[in-house]
Amino acid sequence: MSETIKLFHLPFSFMLPQKVATEKGYFEDEGLNVELIERDRADVDWKYIPAEESLVEDHDVDVYPICKWESIKRTWRMNDGRIIAKGTFADQPYTVYVRPDSDIEAPADLANVAVGVNKRTGQEYTVIRALEEHMPKDAVTLEHHGMPTDRLRALRDGEVEAVSLLEPQSTLAEELGFEPILQFENHMGIVGADAIDDGILGKFMRGYARAAEEINENPETYREAYLGMLEGDADVAPDLFEGIDREKLYAEIEVPTYEPPEVADHDELQEHLSWMKRRQLIDGDADIDSIVAPVGR
């Protein structure tokens, strides 16, 4: 008997195995019938995951990926499921870029300089933690500048001095002449509704791992799918691609090596929760047992 789940899909480069596992039938082979929930890039002007709506309650989603720290905040503040898995998912770091004429030459030079992020996606917490390694915590300054295309425009137009980006927009940034200043890992969490038990989680993880292995063995086969989000960006922000040799740009972008997620680590997430409390990024009474699901433990 197949079990059915609704899986929210982020069309970001690091989440490609999720879509491949669905379309190639790898989840189905495990006895998991997956309905992929997606949003069209043209309809998204702020973020793919609605900030004030519960995916579990308002949209009937069973599983969704999101930044690790936002997964902590969202599950606690909105009771929007509980964390079931985590990982980096792909060998793709965040990169902070500045304009080529900038006086910023090293990460420490970003102290008290606004870095453009997309707030309420969790991205800001990743950037805060990375910047704290190079400056006092009260010198970390972030500004909301929306989607990657919005951040690139803001940097180009001088509205902000630095922005954080992931691939494939990082390669576009370099093609536009922007300079990398700092790189750091991207950390994700996977959140599940109460119905996600050990059995369903195991099926999900095995299907996902099979897709990751398939992409790693045949990266060129999946290049077009991998570049899909950048193609979507070109449609909604054609000005960023003016004068860019898109064929050359796409040829420079490599399909990354993927890793399957791991079962959520209660103790590791407790450390992240404690950091968020010290930073006053979450309620002081936030309880890890209300945030992390008991599956896999």
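Reader: In which helix does Thr126 lie?
Author: This is a predicted model, in which local features need pLDDT of at least 70 and side-chain atom pairs count only at pLDDT 80 or more, while totals for chains, interfaces and linings use all residues. Residues are numbered from 1 along each chain as its sequence is written, and side-chain values use heavy atoms, leaving out hydrogens and water. With helices (DSSP runs of H or I, at least four residues) and strands (E, at least two) numbered from the N terminus, Thr126 belongs to helix H5.

Reader: Which residue in E7 is the bridge partner of Val115?
Author: In strand E6 (residues 114-117), Ala114 and Gly116 are buried on one side, and Val115 and Val117 are buried on the other. Four bridges join E6 to the parallel strand E7, residues 141-144 (pairing takes at least two DSSP bridges). Within E7, the partner of Val115 is Leu142.

Reader: And which residue in E8 is the bridge partner of Gly116?
Author: Strand E8 (residues 162-165) runs parallel to E6, and two bridges join them. In E8, Gly116 has as its bridge partner Val163.

Reader: Which residues does Leu131 touch?
Author: Residues up to four places away in sequence are again not counted for Leu131. With those set aside, the residues that Leu131 touches are Leu110, Val115, Val140, Leu142 and Leu182.

Notes:
Buried < 20%, exposed > 50% of the residue type's maximum accessible area, 1.4 Å probe, protein only. Contact = heavy atoms within 4.5 Å.
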